[in-house]
Structure formats: structure tokens, C-alpha cells
Amino acid sequence: MIDLYEHFCRYVTVPIWAKWERSHYLSHIEYLKTSQYDTPEIIKITQWEKVKKILDHAYVNCPYYKTLFSDIRMHPNDIKSWSDFEQIPLLKKDDVRNNYENIIAANMGQKTLHHGVTSGSTGKPLHFVADEKGLQWTRAQIVLTQQWAGWRLGEKKYAISGIHANENTKNVRKYLRNKLLDRISLLNTLEIDENSMISFHRTLSKAYRPFIYGFAHAIYVFAQFLEKLSLMNIHACGVMTGGMILNDHERSLIEKVFHCKVFNRYGSEEMGAVACECEKHEGLHISSGKYYVEFLNGDKKALPGEIGSLVITDLSNYGMPFIRYQIEDMATRSDSMCSCGRTWPLISNIIGRTSDFIITPEKKIISGISLTDFFAMIPGVVQAQIIQDRIDHVIFKIVKNQEFGDESMRSLKEIERRFFGKSMSVTYDYVETIPKEPRGKYRFVKSQIAKDYFNISL
Ligand SMILES: [Zn+2]
């Protein structure tokens, strides 16, 4: 069905809404559209200016960085080259946890700061702050990459995601915003079952060249379901996946079912959209206007093709500067240029970052990554892991601290009731630590059932 509102939305609603919100994301998009073709030299110069600016800002306004520089007997004025910059100690996730208040810039008005919490695939909460101006850059970056995947400004979008899933229906303003501006239809990954998938398929089949995005494995599960029922009538313009890495089999199934290409995007709650595939699919372009990304193998730079730990400097979040932030994901970089002509450097492969699914006795599929943020908000839960050993049994492994009490227990019971249902029994196992996987990553969910259920290697 042709979308009659699309043009009105693009040329009237979108600009008026941006003006009303005093948001500059539309002009940021125009800037990014040009700067993605800048020469590598211009990119480096621009990044250097932004790095210097955020270093000065962090030194003056964030006690954490002031102390950090004094510990290494340096001043931002001493940082005169990229190799000087590489002398700055890494910002690890535990540094963010332990110095939260001191990393937030003192000169930013409280009203401009947005608070967030994430646990990603690790199950260990990480609180962070992003300032409004930085978020508008993230927004622009997301729109730009969605346009790479064929979506047009003003068109509807179809999300397979669990984040803020019910927000749009609860609050009138948010409902209107979604109806008139964002135009997102949602398949909630916290409540995926046959009925919800059938109903989402019905919505999608009425759409003209829909753009689909969301959690990679949830999209895969949906595609697998549609294939099983031979519901192959959705012709999407593009499918954008994030949150987890798809293997080749999963990716080609999604492409077959939706008759379009998959665009893998890499990012996180605290960083935003760091890198994304373009229409040529030769790697993920790093959004160089907003991030400076390093690949470290030990304390050396990883060579192209060599697995390295990603270290990211966010050049636009002045509310809580993340400088040389070790995000705990592994990736390989490429030094070749993409044939699309964009000059933003390429990540050839994201490695690591796995999550899993829980299958309930009622055959409800719960994606682990959808649950992590619920655990992150429980007081006293330092880290958590869910292990499913039988179709009707899961173990909650919990590392707790002194804040853990009745309220924490109530929240856990609420999660049990809401997501796992009556037939699932839960054993609580309070532990000192949760061991890492061989590759050094935590897995929030480990299901011994899901692998057989999906008949894939998760
Ligand atoms: Zn490209």
C-alpha cells in the first residue's frame, strides 16, 4: 500500500517538529552526508580538533579527568599528537561504575543531561549520562545509516525490539509523537509468540517496501517462523540488525525471507550508533564525525585483520566524556576503502557479543538482551546471569551487594511472573563472581534448550 502521509511527514511534520524541539539533527544529517566523503586527511584533522576540544573540556569540568591527568603528570596541552593521545589510560567499564559522578561534567545544566543504564551482554549494570546536543548527533547518525539501508525520511519503520516497548501507548504525547513523527510499529521481543508474530506479519504485508530493524537474533527468529509457514510475501527495502552478530546462515535466511539485504550496525546504549554497513556491505563504516575508534591488541595497535579490543572516544558527549573507552567488544579493522566511495574507515568484523534466548514451556521466546536492562535496574544486583537447563527451569545467578533486599526480591519475582510464566521454576544461586567465557566475555543468558529449539549454533 502506498504511504500517502510519507511526503507530508518528510517535508512538513519532520522540520516543524525539529524546530519545535530546537533540535539540530536535520542539519547534522546534511553535514554527515557530506563529511562521509571527506578525504582521510580531512577526517583526521577534524577528529583531532574534536579530540583536543573534548580533552580540554573534560580536564576543566570533570574531576575524574583532572585527577587522571595529574596521575600521569600531564596536561591536555601536552597532547600534541595521536601518539601522545594514546598515552592516556583507558577508561574501563569499572572506572565508569566507580567514578560515575566525577566523570559527569560540572558545567552542564542538569536539564540537558539524559540518564541511562545498560548492562549490554554482560549483565553488569553501567549507568551513564549523555547530553542533549550529543544525542542529536546520535539521532542524525542513526537516520543517516537507516537511509543507507533504503529507508526514506518520513516513512514508517518496523522495529523488532524490546527497548521502551510499551512507552508509545501509555503517554499521550509519546503516542502522538509516534503516530505523527517516528511512525514505528513494534514487535516486542519480550513478548514474542506465534500470535504476535502472525499479527506483525499481517502489519508488514500491508506495508510498501518496509524498513525493518532491531535485535539481530529476534529478527532471525521471526524470519525462521515466517519461512516455516511459507509466509514469504514481505519485500523489505532493508533489514538493519544490531545487538548481536549474525552468522552467515542466519543472515542469508533473513535476506531470503524479506527479499532484501541485511545491514549490520554496531553500537551500544552508552555510545550510540558507532558503525554501520553501507549498501556495498564491505564492512561497517565508523561514524568518524562522532567517534574516534582504536583497535588494541594488548597495548599495541591491532593490524588490519588482527582481532583487537575496541577503544572508542565519543567526540560529541560533553555531558559525560568517554575518552579512550574500552567497550569490551572485539573487532577487526580493515585498511581498504569501500567501493561506495565513503571514506569513513571500516570495521571488517565484529567478534564477541553473544546473547541467547530463553524458551518457556508455553513456547514463548525471550531474547536475553531484552531482559538485561530490567536486571540492571534492580538495587543490589551487581551482576546477573540466567542459565536455562530445562524447558521449565532456569537458574538466576546473582552477585549481590549490601543494597540487595526486599525490594530487589520483589523486582526479581516481578520479572519471573511477567516474562517466564507460571510453569517455569526459578532457582536462585547467589555467587561471588560470574565466570567469563573463554573469549573473555560474559554471557547474560546461557540456554541449553535454545540451541536445539532453533536448531542452530547460538
Ligand atoms: Zn561503503
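Analyst: The model under discussion is predicted. Along the principal axes, the C-alpha atoms occupy a box of roughly 60 × 55 × 45 Å. A compact globule of 458 residues would have a radius of gyration near 23 Å, and the chain, with 22 Å, therefore agrees with that expectation. Of these 458 residues, 39% count as buried.

We may now turn to the core itself. The largest nonpolar core contains 105 residues, and those with the most contacts inside it are Ile-212, Ile-219, Val-239, Phe-258, Val-274 and Ile-312. Helix α12, which covers residues 216-228, supplies the largest share of this core, namely 8 residues. The core also draws on two domains: at least three of its residues come from domain 1 (5-38 + 131-351), and at least three come from domain 2 (357-454).

If neighbours within four places in sequence are set aside, Ile-312 is in contact with Met-271, Val-274, Tyr-291, Val-293, Phe-322, Tyr-325 and Ile-327. Among these partners, Val-274 is itself listed with the residues that have the most contacts inside the core.

Contacts across the sequence can also be described for the whole chain. Among contacts between residues at least 6 apart in sequence, 69% join residues at least 24 apart.

Notes:
Residues are numbered from 1 along each chain as its sequence is written. This is a predicted model: local features need pLDDT of at least 70, side-chain atom pairs count only at pLDDT 80 or more; totals for chains, interfaces and linings use all residues. A nonpolar core is a set of buried Ala, Val, Leu, Ile, Met, Phe, Trp, Tyr and Cys residues joined through C-beta atoms within 7 Å. A residue is buried if 20 or more other C-beta atoms lie within 10 Å of its own, exposed if 12 or fewer, and partly exposed in between; C-beta atoms are placed from the backbone. Helices (H or I, at least four residues) and strands (E, at least two) are DSSP runs, numbered from the N terminus. Domain bounds come from an automatic or database domain assignment. Two residues are in contact if their C-beta atoms, placed from the backbone, lie within 7 Å. The radius of gyration is taken over C-alpha atoms; the globule rule is 2.2 Å times the number of residues to the power 0.38.
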